[in-house]
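Hello,

Here is the structure I promised to pass on to you. Have a look at it first, and then read my notes below.

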Amino acid sequence: MIRTEELLLNVGPQHPSTHGVFRIIVKLDGEIITEATPVMGYLHRGTEKLAESLNYTQIIPYTDRMDYVSAMTNNYVLVHAVEKMMGLQVPERAEFLRLIVMELQRIASHLVWWGTYLLDIGALSPFLYAFNDRERILQLFNELCGARLTYNYMRVGGVKWDAPEGWIDRVKRFVRSMYGKLEEYDGLVSGNEIFLSRIKGVGAYDAETAIAYGLSGANLRSTGVKWDLRKNEPYSLYERFEFDVPVGASGDCYDRYLVRLAEIRQSLRILEQALERFPAEGETMGKVPRVIRPPAGEIYVRIESPRGEIGCYIVSTGKAEPYRLKFRRPSFVNLQILPKLLVGESMTNLVTILGGIDIVLGEVDC
Amino acid sequence: MSGEEQNEAKRRQVGANSESERAGATGAANSGPQAEAPPPKPPSPGQERLDRAVRLLRELVAEDAVEAASINEANGHLPTIVVKNERWPQAARLFRSHGELNANYLRNVAGVDYETHMEVVYYLLNMASGHNYAVKVRTGREAPSVPSATPVWETANWNEREIYDLLGIDFPGHPDLRRIMMPDDWEGHPLRKDYVPLDPEV
């Protein structure tokens, strides 16, 4: 007699393919997942609670540590929210610098995803290519602000450091060479039979489901929804530049892969234009009161991070510290769909689907 | 003595000035009757949508469904509506399915402890038109409770769990309300303003 038994399998929290300390408990019937329960909070540091006793400038380094793969966009969402509350003007040169580092960051973040995702699926060498090119971006950031990962670069009203001598030219050189690298990536991976058979049609959902789950970023756009906050609710200087919003059609892991690679290309386009029009001189800090006290009120500001809509909700009582600060973290919201996607899938696809969502645990747990 | 008094009066005046300046800059509050009469403000571009949403809520949900309505000017003239707690499930369905409001995307959910009461703010978006709404639901601080929006927007699920975890607000109707960030055996809800850390030394 054949006896089958339900198997309870614990994945993580310490496991390389969970991209951080994320744990998921799966119930298995043979190799098929019948139930998946995510467990989070291993990296919860109480950022929002801590922020209530810090002034706004002191909170900026905490945002670096949320989505530590994309610290620049996190910096921006906080300072942008405070600037909007106070009605501050940011000098053009500072805003250009911000936009340039945010787009470089988007490329760096997508490269980390590309490399580690292929590592998850079983291809080692793309990881080395991706991290090699990402290293050049980190080097540029290092020259700009002296840090490789947690930049603490932006300030309310501007940026902390002006670009050093020759920096803009070095970014230009990077952008030019990165186009060629993308072709190399495509040749190396995008058409690979084994790779395609692992991710095509896996983890698919339609646009309606994506919207119901509040997905954003490539997770939403892979279903064909053309929604990018840089276009739909423009902030910073994005309205001045030409770029497209790449979308997929089938909403599977393969489309998410294609969308992210296409987004790197679009970021390069934005960078090309921004570097060309970079103001030769100008201030890097606007007129900002010595103590930053946003007027009483509340605001919800959102921007397009590499992972989707990152938002900052501030309730101010007119003091130097926020009364309440909440971050809408795209990784946290995007991850919600995971249990739904896993049910009925084979165990081998767990890592493929989880990796395709592109989460950063520092942001999930905050 | 009199010098000190003068200084004190001056300081107060300066304070008042900067207060009214700030209010003027953001247009968030009236500068009060004692200030010069401000020029009449042009109607907010969000006013029409706010009025329309309020009227729909009153007509289709209940006459008393709306507790307050305002425009958040600093936030891009965002229509902000406070919905009566027990009317929220119906109001949420109306926001989601009414052809005109059609708020199919829930952007964000935030909970706030105001010490006098608690509040949950839902940021809604109509993706087709790009229209945003902020909907607030208030509750008392003793046994705080807000009807869950998860049956209407799946996005609310983990967001409400997080608010329950950190602020202690109950969400009746939620399919799986348990802690999400803190350990299961944690005592208290850290984001509450009256939260006392277990061990203040740490």
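**A charged residue to start with**

The side chains of A:Arg324 and A:Glu48 make a polar contact at 3.4 Å. A polar contact here is a pair of N or O atoms within 3.5 Å; within protein, one must be able to donate a hydrogen and the other to accept it, and residues adjacent in sequence count only if both atoms are side-chain atoms. A polar atom of the A:Arg324 side chain also lies 2.6 Å from the backbone oxygen of B:Gly111.

Before going on, please note that this is a predicted model, in which local features need pLDDT of at least 70 and side-chain atom pairs count only at pLDDT 80 or more, while totals for chains, interfaces and linings use all residues. Residues are numbered from 1 along each chain as its sequence is written, chains are lettered from A and ligands numbered from 1 in the order in which they are written, and side-chain values use heavy atoms, with hydrogens and water left out.

Where does A:Arg324 sit? Its place is in strand 10 (residues 324-328) of chain A. Helices (H or I, at least four residues) and strands (E, at least two) are DSSP runs, numbered from the N terminus. A:Arg324 counts as buried, at 4% relative accessibility. Buried means under 20% relative accessible area, exposed over 50%, and partly exposed in between (1.4 Å probe, protein chains only).

**The cavity**

A:Arg324 and A:Glu48 turn up again in the lining of the largest cavity, along with A:Lys326, B:Glu162, B:Ile163, B:Leu166 and B:Leu167. On a 1 Å grid over the protein atoms alone, a cavity is a set of points where a 1.4 Å probe fits but cannot get out, a pocket is an open set with protein on both sides within 12 Å along at least five of seven lines, and lining residues have an atom within 4 Å of a point. The structure holds one cavity of 30 Å³ or more, and the largest cavity has about 40 Å³ of space. Grid points are joined across faces, edges and corners, and a volume is the space filled by probe spheres set on the points.

Which element gives the most to this lining? Helix 4 of chain B does, with four residues. The lining of the largest cavity divides into three nonpolar, no polar and four charged residues. In this scheme Ala, Val, Leu, Ile, Met, Phe, Trp, Tyr, Cys and Pro count as nonpolar, Asp, Glu, Lys and Arg as charged, and the others, Gly among them, as polar.

The largest pocket has about 580 Å³ of space. It is lined by 28 residues, and the closest to its centre are A:His80, A:Lys84, A:Pro234, A:Tyr235 and A:Ser236. Helix 3 of chain A gives the most to this lining, with four residues. By type, the lining of the largest pocket holds 11 nonpolar, 10 polar and seven charged residues.

**Salt bridges**

How many salt bridges are there over all chains? The structure holds 42, a salt bridge being a side-chain nitrogen of Lys or Arg within 4 Å of a carboxyl oxygen of Asp or Glu.

- A:Glu304 pairs with A:Arg221, the closest N and O atoms being 2.9 Å apart. A:Glu304 lies in strand 8 (residues 297-305) and A:Arg221 in helix 9 (residues 218-221) of chain A, so the pair ties together parts that are 83 residues apart in sequence. A:Glu304 is buried at 2%, and A:Arg221 is buried at 1%.
- B:Arg107 pairs with A:Glu233, with the closest N and O atoms 2.9 Å apart. This pair crosses between chains, from strand 3 (residues 105-113) of chain B to the loop between helix 10 (229-232) and helix 11 (253-276) of chain A. B:Arg107 is buried at 0%, and A:Glu233 is buried at 17%.
- B:Asp113 pairs with B:Arg141, the closest N and O atoms being 2.8 Å apart. B:Asp113 is in strand 3 of chain B and B:Arg141 in the loop between strand 5 (131-139) and helix 4 (156-167), so the pair ties together parts that are 28 residues apart in sequence. B:Asp113 is buried at 2%, and B:Arg141 is buried at 17%.

**Cysteines**

The count comes to zero disulfides over all chains, a disulfide being a pair of cysteine sulfur atoms within 2.5 Å. For A:Cys312, the nearest cysteine sulfur, that of A:Cys366, is 10 Å away. A:Cys312 counts as buried, at 0% relative accessibility.

Happy exploring!
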